[in-house]
Each structure stands twice: as structure tokens, then as C-alpha cells.
Amino acid sequence: MEQIIILDFGSQYTQVIARRVRECQVFSQILRYDTPAGKLAELKPTGLILSGGPCSVYDAKAPHCDKGIWKLGVPILGICYGMQLMAHQLGGKVQRGDKREYGPAEIEIEKDTTLFREMAYEQQVWMSHGDKVTKLPPGFKTIAKSGNSPFAVIADDSRRLYGLQFHPEVHHTPNGKQVLSNFIHGICGCGRNWTMKSFIEHSLEDIRAKVGQDKVLLGLSGGVDSSVAAALIHKAIGEQLLCVFVNNGVLRKGEAEGVQKLFGRGLGIRLHYEDATKVFLNRLKGVDDPERKRKIIGRTFVEVFDKAAKKAGKFRFLAQGTTYPDVIESVPIAGNPAAMIKSHHTVGGLPKKMKFELLEPLRQLFKDEVREVGVQLGLPKEIVWRQPFPGPGLAVRILGEVTPARIKVLQEADWIVIDEMKKAGLYYEIWQTFAVLLPVKSVGVMGDERTYENAIAIRAVHSVDGMTADWVRLPYDLLARLSTRIINEVKGVNRVCFDISSKPPATIEWE
Ligand code: XMP
């Protein structure tokens, strides 16, 4: 299969590069910067892209690639740090910058090149660099310059080596995708073979070949990834797949029924429904520490799932909805945010000691691709575009003790939030919107009577990947409807607040 390999030098945009390549319908994968040239050769890439990165090529700990890559004979595009490294390793000069050039810039294209085929001679680009190339390596020529960088784009056409000082992968470079497409299609000669239709076809064959006549077990959470994995595997092997859905007692209103209806009755997938509400809630009794809640739920889930699996028979494979971002090994370089933020969000995961072989058909896919596969498999919008929901469920949105009565209050309030967001046409536009039950009571008046009841907080955030988030400026009239409905319809609530904190310093969830 044609593929572009991206060597990661620790840029926060490495995954964005990989996604842009795939948007050009070419498969891409990210490997560490120090992947040996021999190993790269075995993978037969159609082209290589060297990402940017936070270091200077002169730093003691600067990531350097295997110099053998320059002799592989495949086209290589260096972006920012990747370009500087290209110049440095091939005999040019890079100068340490005393100040960063950060923000929009204009480049002027001076020579015709496939990289800018059919593009205007002046292009708006996004710069973010400290060092810059000051002398070209032998064989290279300048293609474009900017006010600040005399070597904003460089090329050695005979060896098909190209360097961009700017970032073509970010939206702030309006024609960046065209530049990448020109590299991938025009210079590397890739076709357009990576589509979700072809992915599904290959994947069905792979699953059938791997599984044979054996049986597969899948823990269905109702989230996008496990749902799409279930639909895909079911299409491949039908009855050989059994899904287990555990009700942990802290699901959203109607969730358990919805999953049974859609997967069991609708799609005809064999589904084992395990209502473990009592076990979970018993163990959560009296617990108000967030970390203890997570641990209890995580441990109990494994226990319940294990028992249900044993009851269900013998399985060779355990299927999981692992996606590509879970698989990419982050580069341990200071300043690389992906390396520092290792999520604590593994509640709901299963321990390695379980004696199964893993089946992870979505391992190569980014989230938007998983969604596209879901659409092509006929899953409804409510599943494919569902907002993320934490493994420990409403337990981390009920501050203080989790009791059946408090779960009911939050389920009702949460349901109203989802309903109103959908009616306002905002539910699918926003990363997450939900209600939180606070551990305080406050005084109010209802009719002629004094009340002393619970407070609900509303959270609405925009985010790209959950790592950072900004609170959404919901319209006042929508906030007013939410407040009125929650106070009128949810027994036990007399006050509604709106959370106006972003992440960082707050987190998305309250616990
Ligand atoms: P925080 O609260 O850390 O959340 O800003 C970031 C994103 O992760 C989700 N989240 C979880 N997901 N298990 C999960 O599967 C968890 O334990 C968990 N905790 C938080 C959260 O909803 C948000 O999208």
C-alpha cells in the first residue's frame, strides 16, 4: 500500500500532518524520529515527511534522524525543524535565532516548482520558528523567501528533497493542504487509495482471516469507538461476535435501553446485557473522593466483565475500539505536549493479564475516520457524532457521595441539557455539554415556600482532543431555558449555575 511516513520530532502538529495526508486519501503513519533507515526501507514509504519540533538542531538533546534516510531515494519534505535538520545534516548552515518568528507571514515564490503548482506567487503562511537556515546545502536552491527568511522554501529537485520553513499543516496556512497534496501526489506520485470504503473492505477480509472460526468478545460502552468496532466486526463475522454491555448504574438516562435496542434488536448483534448497578452502587456507598470513585468503578468493571465473559463461554479474541492516537508512541522531548499529557482516562480498560488475543480493527484510524466508517456501516448520527462520555460515567459528575437519589437528579438534569442542546442545533457542534450535581444546597423560594435544595452546574466546552478546552458562550436565552426547565422539571434542584472556566487551569470534568 502506498504510504507517507511522518517522522516525529516532537511537534504538537505531528498528528495534524498525518491527518492532512489522509485527507488527501493517502495512508500515513507516524514513527519516531530515530527510526533506522533500514527499517524505513522495509516499510517501502512512497514519501517521508519530517515534522517540526521544539528543539534547535544544536541542542545537546536535539532529536536527529538516521542519516541513511537521505539515501533512501524517496521524496522527503522537511517542515520547520525538519527542514533545518535537512539543511544541517546535508551540509548547509542553520543559525540560532535570538527571537522567534511566530505568526502569519507572506512568502514570495521565485521559482516554479511542483510544490506550488498552479498556486499564486504570493502565499499567506504560518511561521513558528526560532532558528533558520542561512546557507543552503549543496544541490539545493531557494524556491521562496519571506521578509524574515531568505530560505523560506528550499528544494533539491534531483534528489526530490524539499524544505518548508512554515507549517503547511495548520489552518492558518490557507493553501497548506494544496502544498501537501502537491508533494504527495505531484512529487511522490501517490494515488488516492485511502478511503473508508476501501478500509472497510480490507478490514473485513483481515478480520475474517485473523479470527477464522473462533469467537470474539467485545466490551461495548455505547461510545463511538466500541460501537463502530462492534458494527465492523459484526459485519465480518456475524454470530461469532458477542458484545457485553455492563450497566454500572451511573449511565445517562435511557442509555442502557438505547444500546440494547440499537445493537441487539436493531443491528442484530449478539448482546449480553449485564446489569451490575447494585454491585457498583454498593461499593460506591459513602465514597466521595474522586480518585477512589474512579478506582472502584475501574476495578468493579473488570470483575463484572470477567465474570460475564466466563459465563458466556470460550473466546479466543477480545475486541477493542483502540484508535490511532492511542497507539502513537509520543516522543519524549521536553516541550512536546503530547509527551507530557498521558491520560489518566483508562477507566473501563481491561488489564493485560486477561487471557485473550486482541482484535483492534480501528488501530490505524483517527477519530474522524472512525466516524466515517460508522456512517458507512449505517450507524445512526446519535452514535457516530456522540459527545465523549467518561468511563466512570455520572459518578465523576456527582460531587460528593453517589446515591441512587442523586443519580436520578443528575440523570434528569443531564437529559434536559442534551435535549435543549439538540433543539438549539448545538449538540453536534460542541465537544461536550453536560450537567454536574454540586455538593451544596442553597435556599430558594418556590410559590410561597422556602426551599433548601441542590444546585446544578452546566458545563459546555469546545475542544479538539480534550487536552485543552474553552468554555462555550452559550446564548442567554438557551441558558434561561436550561435553568427554567431544570428547576421546574427536576425534583430537588432550585439553582442552576454556568461554568465559565477553561482547561487549563480547570479540567473538563469536575472530578
Ligand atoms: P478532563 O476532565 O481530564 O477530561 O479535562 C478530558 C476528556 O476526557 C474525558 N474523561 C474520561 N474519559 N474515562 C474516560 O473514558 C475517564 O475516566 C475520563 N475522565 C475524563 C472527559 O469527559 C473529557 O472529554
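The ligand lies between domain 2 (196-384) and domain 3 (403-498), because both of these domains give residues to the shell around it. The model is a predicted one, in which local features need pLDDT of at least 70 and side-chain atom pairs count only at pLDDT 80 or more, while totals for chains, interfaces and linings use all residues. Residues are numbered from 1 along each chain as its sequence is written, and side-chain values use heavy atoms, with hydrogens and water left out.

**Ligand shell**

- The ligand is surrounded by 15 residues (a residue is near a molecule if one of its heavy atoms lies within 4 Å of it), and the closest are Arg-294, Gln-432, Lys-503, Ile-508 and Glu-509.
- By type, the shell around the ligand divides into 6 nonpolar, 6 polar and 3 charged residues, where Ala, Val, Leu, Ile, Met, Phe, Trp, Tyr, Cys and Pro count as nonpolar, Asp, Glu, Lys and Arg as charged, and the others, Gly among them, as polar.

**Polar atoms at the ligand**

- An N or O atom in the side chain of Arg-294 is 2.4 Å from an oxygen atom of the ligand, and a polar side-chain atom of Lys-503 lies 2.7 Å from an oxygen atom of the ligand.
- A polar backbone atom of Gly-391 is 3.1 Å from a nitrogen atom of the ligand.
- The protein buries 88% of the 500 Å² that the ligand exposes when taken alone (Shrake-Rupley method with a 1.4 Å probe).

**Domains 2 and 3**

- The domain assignment, which is automatic or from a database, also gives domain 1 (3-187).
- The C-alpha centres of domain 2 and domain 3 lie 28 Å apart, and their contact (heavy atoms within 4.5 Å) takes 9 residues from domain 2 and 10 residues from domain 3.
- About 850 Å² is buried between domain 2 and domain 3, with carbon and sulfur atoms giving 64% of this area (the accessible area, 1.4 Å probe, that two parts lose on being put together, summed over both).
- The count between domain 2 and domain 3 is 1 salt bridge (a side-chain nitrogen of Lys or Arg within 4 Å of a carboxyl oxygen of Asp or Glu).
- Glu-412 forms a salt bridge with Lys-253, and their closest N and O atoms are 3.2 Å apart.

Notes
Polar contact = N/O pair within 3.5 Å; in protein donor to acceptor, adjacent residues only side chain to side chain.
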